[in-house]
Amino acid sequence: MKVDFNLYAITSGAAHADGRSMLEVMEQAIKGGVDIVQLRNKTGDRVEIVEQAHQLRTLTRKYNIPFIVNDDVFIAKEVGACGVHIGQEDMKLEEVRQIMGNDAIIGVSTHSLDQAMAAQEGGADYIGAGPVFATPTKPGRKAVTVQYITEVAAKISIPFVAIGGIDLDNAAEVVAAGATRICAVRAITDSSSTEAVCRKFRSILNNESQQQYIDDKIFVNGRSVKLQACSINGLLKELGHSHKQKHIIVELDGELVDRGSWDKHILAPQAHVELIQFVGGG
């Protein structure tokens with residue numbers, strides 16, 4: 001089956017930002033530009049996963065975009081999903097095709113060019129290429145780096161999506177390496193501004209200047225500066241302060257931001273950031 005997309009979202013098994021439901025977050029993601037959604041739930045029981053699958057199938061039908069189930073071909077078939085995504089250790093591609101039928105979308109995770117070529121030759125409709133960067137959603141899996149993206153872009157003719165540790169601060173690097181489709185998990189599900197995050201991902205995919213979103217109307221310690229960073233962590237890196245993180249307090253628009261959520265806060269136009277350095281003593 002022919003399938004095309006640019007921004008791919010995968011649900012998070014953990015709680016989503018601000019206590020929002022999975023369905024709320026995914027609808028905001030779709031409104032922001034996500035054009036394919038995958039349900040991935042590694043910890044829930046079958047009843048829970050089937051219920052979530054039905055909910056997401058209804059939502060994706062509403063917006064007329066494909067819905068994919070991770071791993072479980074039988075749940076995908078039961079809920080009328082558009083397809084299924086399998087890993088290297090899951091059911092064989094030819095078996096999945098027999099169960100799902102020729103019209104189903106089948107995606108395959110790949111971590112090497114040999115795996116990518118095998119998936120293409122085996123009849124996959126698209127492949128996932130990653131993890132590009134180290135990510136807690138794939139513990140123990142070594143990052144393939146952007147070099148793999150360049151290799152896949154040169155050798156693979158079916159659609160491929162770059163995945164793994166991709167966020168607003170490194171997505172442009174992935175696109176520059178040859179990706180025309182990216183997938184995000186935590187960058188979308190952990191954000192308190194899901195729709196805005198997805199719109200920025202789309203702008204990066206379209207090679208639009210991020211300066212139209214983050215321009216010189218951002219103020220750092222009262223000074224107007226031009227930045228490409230989208231998150232607080234990216235801001236510190238761009239300013240050369242990454243090594244000082246333990247000694248910095250961040251205030252965004254008048255409110256202190258917990259260090260653990262620096263990568264979740266996007267910098268909106270006209271944001272005011274105060275970086276306060278302190279030196280511990282005894």
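Biologist: Why is the passage of α5 by α6 called a right-handed crossing?

Modeller: A crossing is right-handed if the near helix is turned clockwise from the far one by less than a right angle, and left-handed if anticlockwise. α5 passes α6 in the clockwise sense, so the name right-handed applies. This is a predicted model, in which local features need pLDDT of at least 70, side-chain atom pairs count only at pLDDT 80 or more, and totals for chains, interfaces and linings use all residues. Residues are numbered from 1 along each chain as its sequence is written, and side-chain values use heavy atoms, without hydrogens and water.

Biologist: How do you know at what angle α5 and helix α6 cross?

Modeller: Axes are lines fitted to C-alpha atoms, for helices over the stretch in contact, and angles run from 0 to 180 degrees between N-to-C directions. On that basis, the axes of α5 and α6 (residues 145–155) cross at roughly 35 degrees and come within 10 Å.

Biologist: How are the residues of the contact of α5 with α6 divided into classes?

Modeller: Ala, Val, Leu, Ile, Met, Phe, Trp, Tyr, Cys and Pro count as nonpolar, Asp, Glu, Lys and Arg as charged, and the others, Gly among them, as polar. The contact therefore has five nonpolar, one polar and two charged residues.

Biologist: What handedness has the crossing of α1 and α9?

Modeller: The crossing of α1 and α9 is right-handed. The axes of α1 (residues 22–32) and α9 (residues 194–205) come within 7 Å and cross at roughly 35 degrees. Among the residues that meet are Val 25 and Gln 28 in α1, and Cys 198 and Arg 202 in α9. By class, this contact has three nonpolar, three polar and four charged residues.

Biologist: How many helices and strands are there, and what makes a run count as one?

Modeller: Helices are DSSP runs of H or I with at least four residues, strands are runs of E with at least two, and both are numbered from the N terminus. The protein has 10 helices and 13 strands.

Biologist: Why does the radius of gyration agree with that of a compact globule?

Modeller: The radius is taken over C-alpha atoms, and the globule rule is 2.2 Å times the number of residues to the power 0.38. For 282 residues the rule gives a value near 19 Å; the protein has 20 Å, and therefore agrees. Along the principal axes, its C-alpha atoms fill a box of roughly 65 × 40 × 40 Å.

Methods: Contact = heavy atoms within 4.5 Å.
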